[in-house]
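Keep the 3D view open as you read.

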There are 2 protein chains.
Amino acid sequence: MARTPSGELETRILDAAVELLTEVGAGALTQRAVAKAANVSLQSIYNRFGSKHDLLDAVANAGFVELTEALRSEGGIPLASIEDPIDNIVEGLARYRRFAIGNPRRYGVMFDADVPGFRISDATLGTAFESLTVLVDAVTSAVDAGRLNPDDPLIMAQMIWAAAHGVLRFELTEVGFVADRAAHYDRVVATMLHGLSTPQPAAG
Amino acid sequence: MARTPSGELETRILDAAVELLTEVGAGALTQRAVAKAANVSLQSIYNRFGSKHDLLDAVANAGFVELTEALRSEGGIPLASIEDPIDNIVEGLARYRRFAIGNPRRYGVMFDADVPGFRISDATLGTAFESLTVLVDAVTSAVDAGRLNPDDPLIMAQMIWAAAHGVLRFELTEVGFVADRAAHYDRVVATMLHGLSTPQPAAG
DNA sequence: TCTGGTGTGGATCAGTGTTCCACAGCAATA
DNA sequence: TATTGCTGTGGAACACTGATCCACACCAGA
């Protein structure tokens with residue numbers, strides 16, 4: 001077989017892995033299948049990425065990069081261009097859901113342990129933090145504008161994110177007893193924002 | 001080897017599977033390991049449960065049964081014995097977190113696809129609904145007492161559950177940037193309840 | 001007492017992640 | 001230009017997995 005130029009190797013492997021994952025699913029994401037799809041030798045995967053987990057980590061990392069872009073700008077509309085701070089947050093979370101629903105298997109690799117024993121690396125966690133930053137910025141603006149309670153935006157953003165994530169997890173795994181899942185998601189987001197926008201009694 | 005009495009087979013297999021899962025993790029949960037731990041032939045697992053997925057489903061089902069019991073009564077204190085309806089919900093969710101943190105791997109099998117391709121069966125989903133019912137009852141009481149907005153308790157309960165689940169997912173997978181995870185969980189629960197206890201503006 | 005269901009031990013199969021190997025091609029050096 | 005070292009390729013091999021098949025033996029009910 002022709003020898004693949006070294007410069008293309010990682011790209012081709014990563015692209016093939018992403019395509020296999022999204023098209024067929026995590027179960028079909030075997031090293032041999034990736035090598036075949038990338039038209040690359042099996043050994044090359046081990047040369048470039050250390051193991052399957054490392055390859056998955058690269059897939060997850062690329063996913064977070066794409067997620068950050070999707071949050072920042074969708075359809076040519078920068079999130080920051082939305083004036084109302086609350087609308088800003090709501091739109092950001094709507095984009096978040098669209099990413100998850102549009103890329104369910106990649107979302108699974110990014111956030112769940114779709115493969116037993118696999119866990120995102122600290123480096124990829126750093127990339128994930130970039131995605132979170134988009135929401136933190138929006139929350140900060142809302143706090144500054146007096147639309148949300150004055151509190152730590154990093155904490156508040158993670159509260160909202162976690163709630164949204166939980167709803168999406170149930171939606172993607174088809175667990176739950178809800179008729180309109182999109183509306184359910186919006187309601188949870190709205191409820192969190194509502195709960196964060198008026199003074200809370202001291203928690204017990 | 002001595003022949004295992006038929007009546008004990010399923011119990012022994014299931015117990016061994018649960019113990020292996022909780023003690024070592026999902027990665028060590030192989031059919032051969034389960035057979036060895038249960039002191040049972042490999043074939044017997046296939047005779048009693050159809051496949052590994054079916055065995056996992058049984059593990060998950062038993063987990064939901066236990067979760068329901070843990071929610072209903074903990075330390076001899078029935079959840080229903082708590083008078084204040086909001087305290088009732090808060091305590092129920094605290095018990096939910098204690099179950100998840102105390103049984104992280106079982107929680108993983110019950111709610112996540114810790115094994116690729118595995119999904120809870122519809123029958124087990126029904127058992128999971130029993131767990132949800134505990135929260136639905138508490139929410140219903142709170143609505144009846146005028147402590148939460150008058151709305152569908154089944155939907156409201158799932159909103160709270162999903163939010164709590166999202167926080168726990170991040171906590172169990174060690175994702176997130178929060179100092180005090182227990183307090184973070186409580187805050188999300190409190191915020192959801194606060195958001196559900198005062199009239200909401202019409203969502204956009 | 002016999003007989004059918006079923007638990008046991010063992011082999012076997014395809015497929016997995018991973019490693020090792022001989023070989024060959026390409027690039028930078030002498 | 002000639003040589004050398006890195007690395008991609010193809011293939012075998014390893015231990016392990018879920019799953020199936022088999023002969024055999026045991027036990028309960030007819």
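## Two copies, one turn

Chain A can be laid on chain B by a turn of 180° with a shift of 0.0 Å along the axis, and the RMSD is then 0.0 Å. The two copies are thus related as by a two-fold rotation axis. Keep in mind that this is a predicted model.

## Where the chains meet

How many residues of chain A are in contact with chain B? There are 42 of them, and they are in contact with 42 residues of chain B. On the side of chain A that touches chain B, the elements giving two or more residues are H7 (122-144), H8 (153-172) and H9 (181-197), each a helix of chain A. H8(A) provides the largest share of that side, with 12 residues.

Now sort that side of chain A by class: it has 23 nonpolar residues, 13 polar ones and 6 charged ones.

## A look at helix H4 of chain B

Next, find helix H4 of chain B, which covers residues 52-72. This helix has 21 residues and reaches 30 Å from its first C-alpha to its last, close to the 30 Å expected at 1.5 Å a residue.

## Two loop residues with positive phi

Let's finish with a pair of backbone angles in chain B. Asn39(B) isn't a glycine, yet its phi is positive, at about 55°. You'll find Asn39(B) in the loop between helix H2 (31-38) and H3 of chain B. Is Asn39(B) buried or exposed? Asn39(B) is exposed, because it has 12 other C-beta atoms within 10 Å, and a residue counts as exposed at 12 or fewer.

Glu174(B) is also a residue other than glycine with a positive phi, near 55°. Glu174(B) sits in the loop between helix H8 (153-172) and helix H9 (181-197) of chain B. Glu174(B) has 10 C-beta neighbours inside 10 Å, so it counts as exposed.

Key
Residues are numbered from 1 along each chain as its sequence is written. Chains are lettered from A and ligands numbered from 1 in the order in which they are written. This is a predicted model: local features need pLDDT of at least 70, side-chain atom pairs count only at pLDDT 80 or more; totals for chains, interfaces and linings use all residues. Helices (H or I, at least four residues) and strands (E, at least two) are DSSP runs, numbered from the N terminus. The expected span of a helix is 1.5 Å times one less than its number of residues. Two residues are in contact if their C-beta atoms, placed from the backbone, lie within 7 Å. Ala, Val, Leu, Ile, Met, Phe, Trp, Tyr, Cys and Pro count as nonpolar, Asp, Glu, Lys and Arg as charged, and the others, Gly among them, as polar. A residue is buried if 20 or more other C-beta atoms lie within 10 Å of its own, exposed if 12 or fewer, and partly exposed in between; C-beta atoms are placed from the backbone. Copies are superposed by least squares on the C-alpha atoms of residues with pLDDT of at least 70 in both.
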